Amino acid sequence: MPRALVVVDPEPRVKELLDVASDFARGSGAQLLLFHVTDTFDSSAVREQMRDLTGVDHNYRSGIEGAEEFASDLGEELLADDVDFAVEGAFGETAQRIVAAVEEFDCTHVFLTGRRRSPTGKAVFGDTAQEVLLNVDVPVTLVME
């Protein structure tokens with residue numbers, strides 16, 4: 001069964017990202033692996049954003065357990081019953097962990113959000129989306145702000 005890595009973060013664009021990934025899963029029969037990377041112990045503000053997006057009224061733990069809880073709650077709340085999904089959390093530098101997860105979990109596609117940048121920002125680009133695009137050998141779908 002094909003598997004697509006869906007990088008979920010506590011931001012409003014994640015809903016659109018999950019809609020696009022769901023359409024892909026339905027059309028291809030792929031399982032979605034909802035993947036949240038934390039690079040710090042999430043602050044209370046980040047945990048509040050998580051609660052706002054998922055509609056779940058509890059405090060997310062810090063670290064990998066909280067990342068997995070968040071991904072699971074997003075899947076339960078925003079994915080239809082006919083979409084097969086699993087969750088994984090990770091701690092570390094986001095782009096490196098995404099690239100490693102694509103290989104580790106044998107993913108055939110990646111979905112993530114990106115930011116529009118000024119011409120100078122585009123020249124430098126140096127963000128997670130660019131690093132993932134340059135370092136994975138599978139198709140990548142970006143949902144831009």
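A contact means heavy atoms within 4.5 Å. This is a predicted model, in which local features need pLDDT of at least 70, side-chain atom pairs count only at pLDDT 80 or more, and totals for chains, interfaces and linings use all residues. Residues are numbered from 1 along each chain as its sequence is written, and side-chain values use heavy atoms, with hydrogens and water left out.

**View 1. The protein has 6 helices and 5 strands.** Helices (H or I, at least four residues) and strands (E, at least two) are DSSP runs, numbered from the N terminus. Their order from the N terminus is β-α-β-α-α-β-α-β-α-α-β. Take the contacts with a separation of 6 or more: 72% of them join residues 24 or more positions apart.

**View 2. The largest nonpolar core has 20 residues.** Such a core is a set of buried Ala, Val, Leu, Ile, Met, Phe, Trp, Tyr and Cys residues joined through side-chain atoms within 4.5 Å. Buried means under 20% relative accessible area, with a 1.4 Å probe and protein chains only. Val6, Leu32 and Phe70 are among the residues with the most contacts inside this core. Strands S1 (3-7) and S2 (31-38) each give two or more residues to the core, as do helices H1 (13-28), H2 (44-54) and H3 (63-78). H1 gives the most, with 5 residues.

**View 3. Val8 is one of the residues with the most contacts inside the largest core.** Leaving aside residues up to four places away in sequence, Val8 touches Val14, Leu18, Leu34, Phe35, His36, Phe70, Ala71 and Leu74.

**View 4. Another core, of 17 residues, lies apart from the largest one.** Among its residues are Ala90, Ala95, Cys107 and Val132.

Technical notes: Buried < 20%, exposed > 50% of the residue type's maximum accessible area, 1.4 Å probe, protein only.
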